[in-house]
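Visitor: Hey, I've got a structure open and I'm a bit lost. Can you walk me through it?

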Amino acid sequence: MQEIINYFSSIPSSHRASILAGGIALFWVIESAIPFIKFKYNKWQHAGINIFFTLTTIIINFCLAFILLKSAQWTVDNQFGILNWLPKMNLWLFAIIGLLLLDLIGAYLAHLVEHKVKFLWRFHLIHHSDTWIDTTSGNRHHPGESVIRFVFTTIGVLAVGSPMWMVFLYQTLSVVATQFTHANIILPKKLDNFISYFLVSPDMHKVHHHYVLPYTDSNYGNIFSIWDRIFGTFKTLDRSKLIYGVDTHMKPEEHNNLKNLLSIPFQKLRSPEN
Ligand SMILES: [Zn+2]
Ligand SMILES: [Zn+2]
């Protein structure tokens with residue numbers, strides 16, 4: 001555990017970039033060889049849009065990283081946050097509890113609020129507008145959403161009182177988990193079911209991308225599935241019934257056009273059809 005802590009305390013940016021690029025490359029190869037759905041789309045053009053949004057997310061997080069570093073250091077210096085208020089414990093247990101709480105506050109709660117607050121949904125909608133979910137969809141976030149998520153991550157770090165190595169570890173796991181749950185692949189149904197008791201499985205997150213309510217407003221989990229199960233937001237839908245996208249924005253000229261995607265948050269908000 002100490003080695004993991006040492007590594008993530010000072011993980012080089014180049015390693016973080018390699019993990020992100022390596023993950024996309026790995027899942028790209030797998031989903032090209034054995035795709036779950038045979039989309040009729042231009043994979044490279046689609047990837048171009050999603051990788052643009054991945055790059056803006058990286059730039060925003062890079063520019064704001066100092067706030068996260070300062071927040072994590074402040075909690076450690078002042079013994080602030082849930083982890084610091086708990087009794088001393090084994091390092092593994094400390095890491096697991098910390099990762100679970102970061103996942104709850106910085107990801108699950110953030111995601112749920114993005115669905116419930118109309119102003120935030122305007123930005124998160126861009127992630128949902130993708131009708132061809134593949135591994136590149138994982139980081140399709142409007143720059144405005146990247147900022148919103150950063151704010152929630154910072155709140156999470158302060159509330160949890162997590163040291164920086166834990167934040168870097170969480171973010172690294174999150175990148176790979178997101179690429180995995182969005183990849184255009186399927187696991188044997190029993191295996192997917194089994195995974196979904198503790199981690200977000202590919203089927204579980206795909207239900208979140210079904211184009212109509214109430215499925216869009218379910219399965220908010222990022223890495224761990226337990227929050228959806230505890231808070232009653234877990235839903236299943238037969239794989240054969242899945243249609244990706246969001247009912248208000250199903251036209252390719254809208255969801256497959258970078259300029260339009262960037263401007264969606266500033267357009268008139270549309271109501272769901274049902
Ligand atoms: Zn969502
Ligand atoms: Zn998603």
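This is a predicted model: local features need pLDDT of at least 70, side-chain atom pairs count only at pLDDT 80 or more; totals for chains, interfaces and linings use all residues.

Visitor: Ok, metals. What are the protein donors of the zinc ion (ligand 1)?

Guide: They're His111, His115, His124, His128 and His208, each through NE2, at 2.1 to 2.2 Å from the zinc ion (ligand 1). A donor here is an N, O or S atom within 2.8 Å of the metal (3.2 Å for Na, K and Ca), and water is not among the atoms, so sites may look incomplete. Along the sequence, the spacing of these donor residues is H-x3-H-x8-H-x3-H-x79-H.

Visitor: And which donors does the zinc ion (ligand 2) have?

Guide: His127, His182, His205 and His209, again by NE2, and they lie 2.1 Å from the zinc ion (ligand 2). Their spacing reads H-x54-H-x22-H-x3-H.

Visitor: How far apart are the zinc ion (ligand 2) and the zinc ion (ligand 1)?

Guide: 6.0 Å. Helices are DSSP runs (H or I, at least four residues; strands are E, at least two), numbered from the N terminus.

Visitor: Histidine 182 and histidine 209, buried or exposed?

Guide: Both are buried. That means under 20% relative accessible area, with exposed being over 50% and partly exposed in between (1.4 Å probe, protein chains only).

Visitor: New topic. Why is H6 largely enclosed?

Guide: Because eight of its eleven residues are buried, H6 is largely enclosed by the rest of the structure. Among the buried ones are Leu120, Trp121, Phe123 and Ile126. H3, H5, H7, H8, H10 and helix H13 (258-263) are included in what covers them.

Visitor: Which residues touch the most others in the largest nonpolar core?

Guide: Trp165 and Met166, out of 31 residues in that core. H5 gives the most to this core, with nine residues. A nonpolar core is a set of buried Ala, Val, Leu, Ile, Met, Phe, Trp, Tyr and Cys residues joined through side-chain atoms within 4.5 Å.

Visitor: What does methionine 166 touch?

Guide: Leu83, Phe94, Ala95, Gly98, Leu99 and Leu102, leaving out residues up to four places away in sequence. Contact means heavy atoms within 4.5 Å.

Visitor: Last one: how much space lies in the largest pocket?

Guide: About 1,200 Å³. On a 1 Å grid over the protein atoms alone, a pocket is an open set of points with protein on both sides within 12 Å along at least five of seven lines, and lining residues have an atom within 4 Å of a point. Grid points are joined across faces, edges and corners, and a volume is the space filled by probe spheres set on the points. The largest pocket has 43 lining residues, and Arg16, Thr57, Asn61, Gln171 and Val175 lie nearest its centre. H8 provides the largest share of that lining, eleven residues.

Terms used
Residues are numbered from 1 along each chain as its sequence is written. Chains are lettered from A and ligands numbered from 1 in the order in which they are written. Side-chain values use heavy atoms; hydrogens and water are left out. On a 1 Å grid over the protein atoms alone, a cavity is a set of points where a 1.4 Å probe fits but cannot get out, and a pocket is an open set with protein on both sides within 12 Å along at least five of seven lines; lining residues have an atom within 4 Å of a point.
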